[in-house]
Amino acid sequence: MVVEALVSFEQRFRFFLQAQETADVAHDLNHIFRVVKVAKQLAVEEGAELDVVVPAAWLHDCVSLPKNHPQRAFASRMAADKAVAFLRSIDYPECFLEAIHHCICAHSFSAQITPKTIEAEIVQDADRLDALGAIGVARCMQVSGALNRALYHTDDPFCESRPLDDKHYSIDHFFVKLFNISDSLKTAAARREGKRRESFMRQFLTQLEEEI
């Protein structure tokens, strides 16, 4: 697809998303914009198909459920189905739809679907990178506030002698999930960026420990 046509479709993706509800403030339009930006960068670096990566990145959270929702594990498949229906309604080329559907299904942690294409790896990597670095810290706190989690355990803030419990403590989530993300990234460029962002998060915890 020529660049101009893809840009025209992107405007329609944006208008579509503006009409959708979001599960929480950490999955707002700004999250989408960041994921799209990073996905495009990774796609160029990895030589992936932009006609698949770009719509998948835009629409990956068109169905978004709260972290504690009982159907959370099915949200990415629901989003993939909704995205493909929308893409058909605006006459997006049919030849890309199956690949886009897979990208959206596979992006989610909760779904536990292994990406089978470089495009799916890129969309998953771009989404996961948004959970790291300064923005990752901020988003963790946004979700924690919505779930009424305390910032840290009073007697053992950094889980040195107690079981991890990120249902009740925000800092525990760093150890349960966030510090494992960079090793789960599929593309080389994403892994480099993931390690850089993880380093910042570890510095944040060091500073937090001093202040506590």
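Biologist: How many salt bridges does the rule find across the interface of domain 1 and domain 2?

Modeller: A word on the source: this is a predicted model, in which local features need pLDDT of at least 70 and side-chain atom pairs count only at pLDDT 80 or more, while totals for chains, interfaces and linings use all residues. Residues are numbered from 1 along each chain as its sequence is written, and side-chain values use heavy atoms, with hydrogens and water left out. A salt bridge is a side-chain nitrogen of Lys or Arg within 4 Å of a carboxyl oxygen of Asp or Glu, and across the interface of domain 1 and domain 2 the rule finds one. The side chains of R192 and E45 meet in a salt bridge, with 2.9 Å from N to O.

Biologist: Which helix gives the most to the side of domain 1 that touches domain 2?

Modeller: Helices are DSSP runs (H or I, at least four residues), numbered from the N terminus. Helix α2, residues 29-46, gives the most to that side, with six residues.

Biologist: Where do the two domains lie in the chain, and what area is buried between domain 1 and domain 2?

Modeller: Domain bounds come from an automatic or database domain assignment, which here gives domain 1 as 3-119 and domain 2 as 131-211. Buried area is the accessible area (1.4 Å probe) that two parts lose on being put together, summed over both; between these domains it is about 1200 Å², of which carbon and sulfur atoms give 66%. Contact means heavy atoms within 4.5 Å, and 15 residues of domain 1 are in contact with 14 residues of domain 2.

Biologist: Which residues is H101 in contact with, leaving aside its neighbours within four places in sequence?

Modeller: H101, which has its place in helix α5 (residues 97-106), is in contact with R77, A80, D81 and V84.

Biologist: Is each of them buried or exposed?

Modeller: Buried means under 20% relative accessible area, exposed over 50%, and partly exposed in between (1.4 Å probe, protein chains only). N148 therefore counts as exposed, at 72% relative accessibility, whereas C159, at 15%, counts as buried. N148 lies in the loop between α7 (133-146) and α8 (170-176), and C159 is found in the loop between α7 and α8.

Note on methods:
Helix = DSSP H or I, 4+ residues; strand = E, 2+ residues; numbered from the N terminus.
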